[in-house]
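Please examine the sequence and the three-dimensional model shown below. A short report on selected features of the model is requested.

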Amino acid sequence: MENVVIKGNKDSLVFYFNTDSVTFEELCKNLREKLNQSAHFFQNSKYTMAPENQLTTAETAILENILKKNGLSPAPPQKPKPKYRYIALDEEGGALYPYTSPKGVEPVSYSATEGNSVLLTKTLRSGQTVEIDGNAVIMGDVNAGAHLMATGHIVIMGELRGLAHAGCNGDREARIVAWRLKTGQIRIADHIGREDEAENGDFPETAQIEGEHLVVRPYEATPKPKQIVP
């Protein structure tokens, strides 16, 4: 393993330092050499020190000073992802249906084979109402003013700004997953939740019923099971 490894993400360059096989003086020398090799590339770049680095506070300060002298500056701290947040339940009650579509616009209905999903490769625009018997997968956005209903789960590979209702026939196990959850209202089964847009995350999230609460969490993919070879 190299003593100095630089990786990039959308926000900054991340510096990893291997302190197991070299002295700190050699580590500093290796860093200067690597920076000098591509001096123009590093100018005005943002950097982050990898949390895995086994460095003292004093050593970190010395390395950061080297980075500063080579034109780099620290990236602003990232806002940590919340573990979860509750959505306030709508106290108004009342019937969930019918949705009111614009005059002359009829809802579009799709039906999936049992256990399967309907895939729509388009954005749902204001005024559109889509009803799906099964799970719904949208490769696009659901814009404000659009209504999306599914008897199963809803997965939106874009922004959810309109109204989405998962488990609309009463399935409390249904979930709503969106790349960006920006809607003012979420519906799952008989629960209606109102979102505070100030709390919307800038990362994929999933909404589900837990107990009597609607809960939103950062989305985490379920790890694939390991295959056991006999």
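This is a predicted model: local features need pLDDT of at least 70, side-chain atom pairs count only at pLDDT 80 or more; totals for chains, interfaces and linings use all residues.

Residues are numbered from 1 along each chain as its sequence is written, and side-chain values use heavy atoms, with hydrogens and water left out.

## Sheet and helices

Helices (H or I, at least four residues) and strands (E, at least two) are DSSP runs, numbered from the N terminus. Two strands count as paired if DSSP finds at least two bridges between them. Strands of a sheet pair through backbone hydrogen bonds, either parallel or antiparallel.

An open sheet is formed by four strands in the order β1-β2-β3-β4, with mixed pairing. At its edges lie β1 (4–8) and β4 (73–74), each of which pairs on one side only. Strand β1 is joined to β2 (residues 13–17) by five bridges, and the two run antiparallel. Within this pairing, valine 5 stands opposite tyrosine 16 in β2.

Helix α1 (residues 24–37) packs on the sheet and touches β1 and β2, where contact means heavy atoms within 4.5 Å. The direction of helix α1 makes about 45 degrees with that of β1. Axes are lines fitted to C-alpha atoms, for helices over the stretch in contact, and angles run from 0 to 180 degrees between N-to-C directions. Helix α3 (residues 57–69) also packs on the sheet, touching β2 and β3, and its direction makes about 165 degrees with that of β3.

## Salt bridges

A salt bridge is a side-chain nitrogen of Lys or Arg within 4 Å of a carboxyl oxygen of Asp or Glu. The structure holds five salt bridges, and the table includes three of them.

| Residue | Partner | Closest N and O atoms |
|---|---|---|
| Arginine 161 | Glutamate 159 | 2.7 Å |
| Glutamate 212 | Arginine 172 | 3.4 Å |

Glutamate 212 is exposed at 52%, whereas arginine 172 is partly exposed at 31%. In the remaining tabulated pair, arginine 217 is partly exposed at 27% and glutamate 210 is partly exposed at 28%.

## Residues with positive phi

Asparagine 44 is not a glycine, yet it has a positive phi of about 65 degrees. Asparagine 44 is placed in the loop between α2 (39–42) and β3 (46–49), and its relative accessibility of 70% makes it exposed.

Alanine 189, likewise not a glycine, has a positive phi of about 55 degrees. Alanine 189 is found in the loop between β14 (185–188) and β15 (191–194). With a relative accessibility of 4%, alanine 189 counts as buried.

Definitions and conventions. Buried means under 20% relative accessible area, exposed over 50%, partly exposed in between (1.4 Å probe, protein chains only).
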